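Me: I would like to learn how to read the features of this model one at a time. Please give the general idea and then the case here.

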Amino acid sequence: MRLRRVVEAVPVVAALATALLAAGCTTDGGVRVSPTVGVSAGAATPEVSLTPIDPGPPPVVTVPPPVAGEVARVVVSKQGSGKAFRNVPGVPVAEGRTYTVEVACAAGRATEGSSYAVYDAAPGTWGHGEPLYSRPFACDGAVQRTVHLGLPSGRVQIDVRGLPADAVTAYALIRPE
């Protein structure tokens with residue numbers, strides 16, 4: 001008889017505990033604590049697939065032809081298991097003129113984390129020091145532009161960094177506005 005009362009009381013106690021938790025409990029500091037919900041033994045666990053989804057072919061990025069007054073460009077292409085970088089110097093930056101940086105990248109999967117950097121390209125300075133200007137971009141096939149960029153007069157070069165391993169094409173260039 002006593003066992004029957006205990007078994008009948010379990011649902012009542014569980015319902016009371018759930019109601020108290022749903023009403024919200026507070027700690028000594030007055031912070032509201034959310035109730036914890038248990039999972040019954042009969043609940044099904046959803047299946048999870050770790051099979052990657054084929055994103056399809058990478059987007060096509062077309063490198064634009066050079067224009068008069070172009071200051072610098074870098075073109076990156078897939079070469080075997082690595083990448084080939086081709087830096088193309090242009091004319092020196094004209095004092096008082098503003099420029100546009102155009103950059104695009106295509107990879108098997110769209111990613112964040114790439115960036116371009118503009119460096120001083122005076123003799124003996126390439127690869128030394130901090131960039132004059134740097135900005136992140138997405139490797140997703142879209143052309144991105146930074147406009148009204150003022151640069152110091154003289155020669156500069158542009159470089160890309162942090163390209164994903166599966167990048168097939170990327171470019172960055174600096175043109176007059």
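Reply: Start with a sheet. Strands of a sheet pair through backbone hydrogen bonds, either parallel or antiparallel. Here an open sheet of three strands has the order S7-S6-S9, and its pairing is antiparallel. Strands are DSSP runs (E, at least two residues; helices are H or I, at least four), numbered from the N terminus, and two strands pair if DSSP finds at least two bridges between them. The edge strands, each pairing on one side only, are S7 (133-139) and S9 (156-161). From one strand to the next the twist averages 25 degrees, with axes taken as lines fitted to C-alpha atoms and angles running from 0 to 180 degrees between N-to-C directions.

The model is predicted: local features need pLDDT of at least 70 and side-chain atom pairs count only at pLDDT 80 or more, while totals for chains, interfaces and linings use all residues. Residues are numbered from 1 along each chain as its sequence is written, and side-chain values use heavy atoms, with hydrogens and water left out.

Me: How many bridges join S6 to S9?

Reply: Six bridges join S6 (residues 111-120) to S9, and the two run antiparallel. Within S9, Val-160 is the bridge partner of Tyr-116.

Me: Which residues have the most contacts inside the largest nonpolar core?

Reply: A nonpolar core is a set of buried Ala, Val, Leu, Ile, Met, Phe, Trp, Tyr and Cys residues joined through side-chain atoms within 4.5 Å. Buried means under 20% relative accessible area, exposed over 50%, and partly exposed in between (1.4 Å probe, protein chains only). The largest core here has 24 residues, and those with the most contacts inside it include Tyr-116, Leu-151 and Val-160. Strand S5 (98-107) is among the elements giving two or more residues; S5 gives the most, with five. Leu-151 touches Val-93, Tyr-99, Val-118, Val-156 and Ile-174, not counting residues up to four places away in sequence, where contact means heavy atoms within 4.5 Å.

Me: Where is the disulfide, and what does the pair tie together?

Reply: A disulfide is a pair of cysteine sulfur atoms within 2.5 Å. Cys-105 and Cys-139 form one, with sulfur atoms 1.9 Å apart. Cys-105 lies in strand S5 and Cys-139 in strand S7, so the pair ties together parts that are 34 residues apart in sequence. The torsion about their S-S bond is about -60 degrees, so the disulfide is left-handed. Both Cys-105 and Cys-139 are buried.

Me: Is His-148 buried or exposed?

Reply: His-148 is exposed, with a relative accessible area of 60%. His-148 is found in strand S8 (residues 144-150) and has a positive phi of about 60 degrees although it is not a glycine.
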